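Thanks, everyone. Let me take you through one model, piece by piece. Please have the viewer open.

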Amino acid sequence: MKNTRQMALDALLVALCAVLGYISLDLGFIKVTFESLPVLLSGLLFGPMDGFIVGALGTLIYQVLRYGVTATTILWMVPYMVCGGVVGFYAKSHNFRLSRKQIMFIVIVTELLITVLNTGVIFVDSKIYGYYSVAYVFGSLALRLATCVVKSIAFGVVLPGIVKAVRHSLHLWKETGEAS
């Protein structure tokens, strides 16, 4: 069973995911968001189930607040659920001891996966709601992929330090909890 501190941290990461998704930079043809950062962090710290849950709930909250419930709400959640699960499985398979290079690798892979999956969701969403055009769905793909790579490199640079700091805090919480 999960401990209360881990569940509380997951709840904070869900909230952070929703907020970071909501305050994205939306340029119409490209949307720059940092909502995957807490999803990645959860997977790196706690594994696939936590990463999946943070991706699912954080994106669900963001989607409902921003767009309401639509026929494609669940589809928009899938890329972040997959991201959290993949990162979590990778971290767990390495006993949560990842080098900077390994973190950079898995972050780049999952950010590219998010971009590809989001392109598929844009395609389905545009077909359902009648705004499909090749230029809209695929015209900005190269720019979105380039943005994805830049963002994933930035995440790959900052995440090792964040993971280390959070693990240290969790360890201190554990020691404090056992002492009382």
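A definition before we start: a residue counts as buried when its relative accessible area is under 20%, and as exposed when that area is over 50%. Keep in mind that this is a predicted model.

Start with Thr59. Where does Thr59 lie? Thr59 lies in helix α3, residues 48–67. Its relative accessible area is 1%. The cut-off is under 20%, so Thr59 is buried. What surrounds Thr59? Beyond its neighbours within four places in sequence, Thr59 is in contact with Cys17, Glu35, Val54, Trp76, Met77 and Tyr80. Now look at Val19. Thr59 and Val19 are 40 residues apart in sequence. In space, their C-alpha atoms are 9.4 Å apart.

Next, the helix pairs. Two packed helices are described by the angle between their axes and the distance between the axes. Take α4, residues 73–93, and α5, residues 100–129. Their axes come within 9 Å. The crossing angle is roughly 160°. That angle is over 145 degrees, so α4 and α5 are roughly antiparallel to each other. The crossing of α4 past α5 is right-handed. Which residues meet here? On the α4 side, they include Trp76, Tyr80, Cys83 and Tyr90. On the α5 side, they include Phe105, Leu113, Asn118 and Asp125.

Asn95 is not a glycine, yet its phi is positive, at about 55°. Phe96 is not a glycine either, and its phi is positive too, at about 60°. Are they buried or exposed? Asn95 has 55% relative accessibility, so it counts as exposed. Phe96 is partly exposed, with a relative accessible area of 23%.

Back to α5, with another partner. Helix α2 covers residues 36–46. The axes of α2 and α5 come within 12 Å and cross at roughly 130°. That makes α2 and α5 oblique to each other. This crossing is right-handed as well. From α2, the residues are Ser36, Leu40 and Leu44. They meet Ile103, Ile106, Val107, Thr110, Glu111 and Ile114 in α5.

Hold on to Glu111. How many salt bridges does the structure hold? The structure holds 1 salt bridge. The side chains of Glu111 and Lys151 form a salt bridge, with N to O at 3.5 Å. Glu111 sits in α5 and Lys151 in α7, so the pair ties together parts that are 40 residues apart in sequence. Glu111 counts as buried, at 1% relative accessibility. Lys151 is buried too, at 15%.

Ser152 is also in α7. Its relative accessible area is 0%, so Ser152 is buried. Leaving out neighbours within four places in sequence, Ser152 is in contact with Met104, Val107, Ile108 and Glu111.

Last stop: Arg144. Helix α7 runs over residues 141–179, and Arg144 lies in it. Arg144 is buried yet has no salt bridge. Which side chain of opposite charge is nearest? That is Glu111, 10 Å away. What does Arg144 touch instead? Not counting residues up to four places away in sequence, Arg144 touches Phe29, Ile30, Thr115, Asn118, Thr119, Ile122 and Val137.

That's the tour. Questions, please.

Conventions:
Residues are numbered from 1 along each chain as its sequence is written. This is a predicted model: local features need pLDDT of at least 70, side-chain atom pairs count only at pLDDT 80 or more; totals for chains, interfaces and linings use all residues. Side-chain values use heavy atoms; hydrogens and water are left out. Helices (H or I, at least four residues) and strands (E, at least two) are DSSP runs, numbered from the N terminus. Buried means under 20% relative accessible area, exposed over 50%, partly exposed in between (1.4 Å probe, protein chains only). Lys and Arg count as positive and Asp and Glu as negative; His and the chain ends are not counted. A salt bridge is a side-chain nitrogen of Lys or Arg within 4 Å of a carboxyl oxygen of Asp or Glu. Contact means heavy atoms within 4.5 Å. Axes are lines fitted to C-alpha atoms, for helices over the stretch in contact, and angles run from 0 to 180 degrees between N-to-C directions. Angles under 35 degrees count as roughly parallel, over 145 as roughly antiparallel, 65 to 115 as roughly perpendicular and the rest as oblique. A crossing is left-handed if the near helix is turned anticlockwise from the far one by less than a right angle, and right-handed if clockwise.
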